[in-house]
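Here are a few notes to read alongside the model. Take them one at a time, and find each residue on the screen as you go.

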Amino acid sequence: MANSQITGSFKWMKSINKSIILNTIRVHSPISRSEIAKKTSLTPPTVTNIVAELIKSKIVREFDVGVSSGGRKPILLTINERDLFIVGIDVGDKSVRASLTNLNAKNLFKMEVSMPYPLTNQVLLETLHQIAEQIIILNKIERSKVLGIGIGMHGIVDYKNGVAIFAPNFNLKNIPIKSYIENHMEIPVYVENDARALALGETWFGKGQGIENLICINIGVGIGAGIIYNNELFRGEYNIAGEFGHMIIDLNGKLCSCGSYGCLQTVAGGGVLTEKVVNGLKLGRKTLIIEKLNGNMENITGELIHQCALQGDEYSIKILAETGRYIGVGVTNLINLINPARIIIGGGVSKSDEFILGPIREVVQQRALTEEARNTEIVKSELGEDGTVIGAVTLVLKDIFSTMVSAR
């Protein structure tokens, strides 16, 4: 074997070992060097050398002294959550949510900015850049301590190049998010579809932990799905895997923002909820919602409908249940197609809890193919409204903690 091949193979193996050790510390922290060697089957000298590099890079720190089993007390290691940071951004329909977190994805600072209108590619890029800059400035952080900026974006996203190919809610195309922000800030930027980011966040920090095959559904104005297959995000050949909201369920249905007709999100997206209530009120439906509007139809929100449902309003309960049943049809199709171990429901509409989840489960139990499929676990997101932001942060973490095989 040529010297260059030997060197390349050595570097590749070392990077794999570094990733294995780093993930072992992340999952089992605090942990000693000797325990890392046992869990990974790596030699103690290999663990010692790589840990020294991780400490020098400030990704890992010595945490405490452990209990001795007869010899010298072991020094415990943990991920360094104090000195390094990540910015996570969730690009919503009406606002942008952003957080500063440590390497354990713990929120240290949050902000929310209304989306400016009219919106163009340039306006959106400038808005995201300004938000990221503001978070760093307000927290008085050295730019070198920010390891990355993760961004969750709806629609079709080219993850490798960090380009939003098509954002239907904004009717914008080919937005070069990664290159624009990196050129202005000189910090690595990671851009992903919001549902896929949410799925990744749930896998690392939520109800997807330990589940190899799952689907995370993000229900907001649009509806997307993040698919985790064999512990990895599944994006498909052309980055459209998981466009759950554009599953066509009615060939003669309403026009969707994507340009097609009868998509799932035309009957079950967050915007449809308010539209149905407005139409119902115009037809004279009796509902508690009327008393809470103060004469302004613009006050109708998914949250208001949920509040009224909690107070026993039959019309609100009916609207939410109908939405849940439509989503249940789509979920049944996903179960029959992909057969995941668990489905996680997140996004704004998921706040309606059992008013939505109950009908989803009922449809699945009635329509899925087998008894096992009918009993597929369907749960609410653990990360709540911060789900996509935490998912965006996890995009950065996954890159930091994964193998760098380019040296091979």
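**Notes around helix 6**

1. Let's start where two helices touch. From helix 6, the residues Asp 194, Ala 197, Leu 198, Leu 200, Gly 201, Trp 204 and Phe 205 meet Gly 387, Thr 388, Ile 390, Gly 391, Ala 392, Thr 394, Leu 395, Leu 397, Lys 398 and Phe 401 of helix 14. Contact here means heavy atoms within 4.5 Å. Helices (H or I, at least four residues) and strands (E, at least two) are DSSP runs, numbered from the N terminus.

2. Before going further, a word on the source: this is a predicted model, in which local features need pLDDT of at least 70 and side-chain atom pairs count only at pLDDT 80 or more, while totals for chains, interfaces and linings use all residues. Residues are numbered from 1 along each chain as its sequence is written, and side-chain values use heavy atoms, with hydrogens and water left out.

3. How do the two helices cross? The axes of helix 6 and helix 14 come within 7 Å, at a crossing angle of roughly 70°. That makes helix 6 roughly perpendicular to helix 14 (65 to 115 degrees; under 35 is roughly parallel, over 145 roughly antiparallel and the rest oblique). The axes are lines fitted to C-alpha atoms, for helices over the stretch in contact, and angles run from 0 to 180 degrees between N-to-C directions.

4. Now look for rings. The whole structure holds two aromatic pairs. In one, Trp 204 and Phe 205 have ring centres 6.2 Å apart and planes at 50°, so this pair is tilted. In the other, Trp 204 and Phe 401 have ring centres 5.7 Å apart and planes at 85°, so this pair is edge-to-face. Rings of Phe, Tyr and Trp (its six-membered ring) pair if their centres lie within 6.5 Å; planes under 30 degrees apart are stacked, over 60 edge-to-face and the rest tilted.

5. Ring pairs link Trp 204, Phe 205 and Phe 401 into a cluster.

6. Phe 205 is partly exposed, at 22%. Buried means under 20% relative accessible area, exposed over 50%, and partly exposed in between (1.4 Å probe, protein chains only).

7. Two arginines sit over rings. The charged end of Arg 26 lies over the ring of Trp 204, 3.8 Å from its centre. Likewise, the charged end of Arg 235 is over the ring of Tyr 159, 4.0 Å from its centre. The test is NZ of Lys or CZ of Arg within 6 Å of the ring centre and within 35 degrees of the ring normal.

8. Arg 196 also deserves a look. This residue is in helix 6 (residues 194-205) and counts as buried at 1% relative accessibility. Leaving aside neighbours within four places in sequence, Arg 196 has contacts that include Val 157, Phe 234, Arg 235 and Asn 239.

9. Finally, check the backbone of Asn 239. This residue has a positive phi of about 65° although it is not a glycine, and its place is in the loop between strand 14 (232-234) and helix 7 (265-268).
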